[in-house]
Amino acid sequence: MQPRNMSMSGVVDLAAVKAAQEAKAKAEQARAESARQGGPGAVSPADLVIDVDEAGFEHDVLQRSAEVPVVIDFWAEWCEPCKQLSPLLERLTVEYNGRLLLAKIDVDANQMLMQQFGVQGIPAVFAVVAGQALPLFQGAAGEAQIRQTLDQLVAVAEQRFGLTGLAVDPDAEPGGAETAPAVPAGPYDALLEAAVQALDAGDLAGAVQAYRSVLAEDPANSEAKLGLAQAELLQRVQGLDPQQVRKDAADKPADVQAQIVAADLDLVGGHVEDAFGRLIETVGRTAGDDRDAVRLRLLELFEVVGADDPRVAAARRALARALF
């Protein structure tokens, strides 16, 4: 899938503005002051991923961005795509070995930061370089695309602002001093892990097959059902032109397929209510096979978001009103 804003155009624009030179000078001054005071020393891999709130944002993000590019992951507990993206970002951050820092921001607890960055849906990923913010991408993304984006970010930070990152202690354990107790493997853990690895690698067909293999033996497996719904959604939107899809949906409101495809894109972009609302409205103005097709797609999207999500409960009530 090609996520929105993955072109890193924001970084290119950032390098072009007059403020870039001023930001570079401030970054150099901050590094000189840090060196004069002895510097922060080496950090452990676990210190490369931090939780940030509004109170600590200036110190943990803005000030740190004079030393290292800070990637910001806007997430929430109820956001199912976030549960796929956030662990991937954490793993990649450790692999970049100090060339970037990951700041995780819970949007439910930090609404002001969400508004200040203009976040319209989650997951949403930004970066701050030498005190300047730029968007990276919004919605789910594969590992290859994310690596390309981070490579560009690191290159721009070094070339334009001289940010070479943090020193990392090679003897520190990535997970910290404590080791989690071993958990016995379940009967389908290998297949489920293979599915997650396929998703991380952008192999959506492989992920779909792995999840289906679990469900063939255990039709009630909730993890496989959720994973399959997510993988199939990503597979459907892979290669689509978002602008053309939205234009088709706007120009042809009676075109059921156009509305279904647009709803898929809405959900991948984190616009859950928009996706549900679009399909519920379409249910209300269709009949027969067309109505069934829209209703079934809506039920599939409910699976992606999760039955416990309050937006799903509200949409189910709205769907019932539209049907009856």
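The model is predicted: local features need pLDDT of at least 70, side-chain atom pairs count only at pLDDT 80 or more, and totals for chains, interfaces and linings use all residues. Residues are numbered from 1 along each chain as its sequence is written, and side-chain values use heavy atoms, with hydrogens and water left out.

**Exercise 1.** Check the span of helix 11 (residues 256-268).

*Solution.* Helices are DSSP runs of H or I, at least four residues, numbered from the N terminus. The expected span is 1.5 Å times one less than the number of residues.

**Exercise 2.** Describe what flanks helix 11.

*Solution.* Begin at its start. A side-chain oxygen of Asp255 comes to within 3.1 Å of the backbone nitrogen of Gln257. Then look past its end. Gly270 follows, with a positive phi near 90°.

**Exercise 3.** Is helix 11 mostly covered or uncovered, and which helices do its buried residues pack against?

*Solution.* Take buried as under 20% relative accessible area (1.4 Å probe, protein chains only). Eleven of the 13 residues pass, so helix 11 is mostly covered. Among them are Ile260, Leu265 and Leu267, and also Asp264 and Asp266. Next, find the partners. The buried residues pack against helix 9 (222-237), helix 10 (242-251), helix 12 (272-284) and helix 13 (288-305).

How values were computed: Helices (H or I, at least four residues) and strands (E, at least two) are DSSP runs, numbered from the N terminus. Buried means under 20% relative accessible area, exposed over 50%, partly exposed in between (1.4 Å probe, protein chains only). Contact means heavy atoms within 4.5 Å. A polar contact is a pair of N or O atoms within 3.5 Å; within protein, one must be able to donate a hydrogen and the other to accept it, and residues adjacent in sequence count only if both atoms are side-chain atoms.
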